[in-house]
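Work through the exercises below with the model open. Try each task before reading its solution.

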Amino acid sequence: MFSYIADTLRENPQVAIFLTLAVGYWIGSRQFGSFSLGAVTGTLLAGIVIGQLGIEISGQVKSIFFIMFLFAVGFGVGPQFVRGIATDGAPQALFAVVVSGLCLGGVYIASIVSGYGPGLAAGLLAGSQTISASIGLATDAINGAGLENAQAELDLIPVAYAITYLFGTVGTGWILVYFGPKLLGVDIAQECARYEREMSEGAPAAGFISARRAREVRAYRIKQDGKATGKTVAQTERLAEGERIFIEGVRSGEEIVPFTAETVLKAGDIVAVSGRREVLVNILGEGEEVDDAELLNIPVESVDILLTSKALDGMTLADTAQQPYARGVFLNSIRRGSAAVNIPVLAQTKLNRGDILRVAGTKASIDRFVDAVGFADRPVTVTNMVLVGLAIFVGGLIGSYVMPIGGVPITLSTSGGALIAGIFVGWLRTVKPQIGNVPQPTLWFMNSVGLNVFIAVVGISSGPTFIAGLQQAGFGIFFWGLFATGMPMILAPLVGKYLFRFDPAINLGCCGGARTSTASVAMVGEIAKSDVPMLGYTVPYAVSNTLLTLWGLVIVLLLT
C-alpha cells in the first residue's frame, strides 16, 4: 500500500502538492497552548517529510503561485503604502524603513560573522523576520547570480527558515509585550486610556457616532406645548445636545409629506425619529408615541463603504459627523489596511483614504453618504481577472528588466514586478473603485494558498537534502535567529520614542507593524485593553511588508 502511494505521488506530483497543503494546514491549525505553527510552517514541514520520497516538481508551478501571492500582497498594502510615502503617514513610513534596515542589518551581521552563504542568509532572513515572501525573491536572485553551487544554496534556504521561524513568530510578541512597556517606561494600559480620553474630545457624553448602543426608529405625535412644536426639523434634531437623533419621516394630517431641514413642525404632526431609545424618550417623550406602520416603514441597511473622497482623507470623525451628508448615518466600525484591523472609533480619529467604514442608517441616508464619500463595497463573488491578469503582465515586464550596475545585473524579477503592480492597483482602486475589485475571499486564496503552494514545492524539492543541510547549518543558526529577531525589536521602541517621538500608546503598534507581525500588535492590544495600538500599525506594516520582501533579493546581492 505504501509503495503504491509513493509511486503515485512520484508519478503525479500535483497530487503530492495537495497532500502537502492538507497536512500543512492541519499541522498549522493545531494549538499548543496559545501558540500554533501557522499554515506556512506546517506546509514546509509537511513538504520536507513528503519530499523524502524523491518527488520532482517543475519550478514553474511555484513561480506562478508566488507571483499570484505577491500581487495579492501588493493589492492589500497599496493604499497604506502610498499614504505613508505621500501624506501625513510619512513619519511612520520612515520609521518602518529604519526598522526594516535594522532587520536586514541583523541578518547581514549574523551571516558575515558566521560565514553563511546566500542560501542560509536568505533562510535566516525569512525565518527570523517571518517574511516567507522573501524566499521567492532570494530564489530568483540566487538562480540569476551565476553561482556554481546555486542548487546547494537553494536547498539551505528552507533549513534556515524552519530553524529560525519559531522564535521569529513568538519572540516578536514576547519582546513587545513584556519588554516594550519597560523600555518605554510606561504603563501601556494607562497610556492607551489617556490617549482615548484625548482623542474623544468633541464626542457626545454617551459616546461618539458609533452605533455600539441600539438605535431605534419611533413615531411620536407632537403636542401643542411640546419641545418640538414650532421648531424646524434641524432645530428639533439639535434638541438632543451631545447626541445624534434624526427625523426620518413626517406625517402632517393624513399625508406623509416631503420635508427639509427647514420644515417647521406643528402640533399634531407625527414624526419618525431615529436615535437611542432613552434619548428619544427624553426629548420627545412628552409627545404621544404612536404605532404608525406606514410612516415607520423606512428601509434601513448596513453597508461597507470604501472611502475614496480626497476631502475626507485626514478629517477627524468629529468633523465628518458635522457634514450635511453624514446626517442620519451611524458608524459601526473602521477597518484599515490589508489585515483589515479595527481602528478605534473616537472623535479625533482621522479617516484615511482606503478605509472601510461599516455604517448603518436609512437607505436614503446611506445613499447620500455613499455619493459624497466613496463607494458602496457590497459583497461580490466575481474577481476582475482582466485587471489582475494585465497588472501582473505589466508588472512582470517591468520587473524583468535587467540593469547592470558595476557589472552586476540588477533586476526586480517578475515576482518583484508583480508586487509593485499590486501596490499600484490596490492604491488606484481607492481613487477609481470602478476599475473592479478582488473580493476578500479571492485575496485570501491568493495570499494563503498562493504562498503555501510555493512553500509546498520548496519543501518537497528540498526534502531529500534537508537532513544534510541541517547538519551543515548546525544548531548555531538558531541562536543567530534569536539575535536577528530580538535586536531590531529591542531597538525599535527606543527609536520610536527618542527619534520619532511617537506617542507611547501607538509606539508598540508601530513596532509590530514595522515587523509585519499582526499577532504581536494583537497581544499588545490585549494587555492594553484597547485597540489604540492599531492606529500605529497599518502604515509601517504596508511599507515593511514590501521592503522585507525585497530584502530577499538584497541579502543575496550583498553576499555574492
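The model is predicted, so local features need pLDDT of at least 70, side-chain atom pairs need 80 or more, and totals for chains, interfaces and linings use all residues. Residues are numbered from 1 along each chain as its sequence is written, and side-chain values use heavy atoms, without hydrogens or water.

**Exercise 1.** Classify the packing of helix H6 (residues 118-128) against helix H18 (residues 476-499).

*Solution.* 
1. The axes are 9 Å apart, at an angle of about 55 degrees.
2. That makes H6 oblique to H18. (Under 35 degrees is roughly parallel, over 145 roughly antiparallel, 65 to 115 roughly perpendicular, the rest oblique.)
3. H6 contributes Leu-120, Leu-124 and Ser-128 to the contact (heavy atoms within 4.5 Å). H18 contributes Ile-477, Trp-480, Gly-481, Ala-484 and Thr-485.
4. These residues divide into five nonpolar, three polar and no charged.

**Exercise 2.** Describe the aromatic pair of Phe-71 and Phe-75.

*Solution.* 
1. Ring centres lie 6.2 Å apart and the planes meet at 35 degrees, so the pair is tilted. (Pairs need centres within 6.5 Å; planes under 30 degrees apart are stacked, over 60 edge-to-face, the rest tilted.)
2. Both residues lie in helix H4 (residues 59-86), four residues apart.
3. Phe-71 is buried, at 0% relative accessible area. Phe-75 is buried too, at 8%. (Buried is under 20%, exposed over 50%, partly exposed in between, with a 1.4 Å probe and protein chains only.)

**Exercise 3.** Which parts does the pair of Tyr-325 and Phe-369 tie together?

*Solution.* 
1. The pair is tilted, with 6.2 Å between centres and 55 degrees between planes.
2. Tyr-325 lies in the loop between helix H13 (317-321) and strand S7 (329-336). Phe-369 lies in helix H14 (residues 363-373).
3. The parts tied together are therefore 44 residues apart in sequence.

Terms used. Axes fitted to C-alpha atoms, helices over the stretch in contact; angles between N-to-C directions. Helix = DSSP H or I, 4+ residues; strand = E, 2+ residues; numbered from the N terminus. Nonpolar A, V, L, I, M, F, W, Y, C, P; charged D, E, K, R; others polar. Phe/Tyr/Trp six-rings, centres within 6.5 Å; stacked < 30°, edge-to-face > 60°.
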